[in-house]
Amino acid sequence: MHMVIEQTTGAPGLIEFKACRDPNGGFVAGFSRWESEEAFTAALPTIGSLSHLRKPEWSTKPDEVITLVEV
């Protein structure tokens, strides 16, 4: 996850990108905030560019993108 954060540092529209861990050790997730949905969509190829380095045993299911909107 930290390599993905490094890879996306400086991406247009990126406000912040953090690695988060489930306190019960169940999973690691990336949390990012973007200026717009378009900026996030444009960065998706960069975000996913290191997926080939992930070992199969690190994942229990495919990646999931969850989009939230501030209220």
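R33 and E16 form a salt bridge, with their closest N and O atoms 2.6 Å apart. By salt bridge I mean a side-chain nitrogen of Lys or Arg within 4 Å of a carboxyl oxygen of Asp or Glu. The pair links distant parts of the chain, since R33 sits in strand β2 (residues 28–34) and E16 in strand β1, 17 residues apart. Helices (H or I, at least four residues) and strands (E, at least two) are DSSP runs, numbered from the N terminus.

Before I go on, this is a predicted model, where local features need pLDDT of at least 70 and side-chain atom pairs count only at pLDDT 80 or more, while totals for chains, interfaces and linings use all residues. Residues are numbered from 1 along each chain as its sequence is written, and side-chain values use heavy atoms, leaving out hydrogens and water.

How many salt bridges are there in the whole structure? A search finds three. K18 also pairs with E16, at 3.3 Å from N to O. R54 meets D63 at 2.8 Å, N to O. Shared partners join E16, K18 and R33 into one network.

Now accessibility. Buried means under 20% relative accessible area, exposed over 50%, and partly exposed in between, with a 1.4 Å probe and protein chains only. K18 is partly exposed because its relative accessibility is 45%. R33, at 38%, is partly exposed, and R54 is too, at 33%. D63 has 57% and counts as exposed.

Last, L14, which lies in strand β1 (residues 14–21). Beyond its neighbours within four places in sequence, L14 contacts T8, T9, S32, R33 and W34, contact meaning heavy atoms within 4.5 Å.
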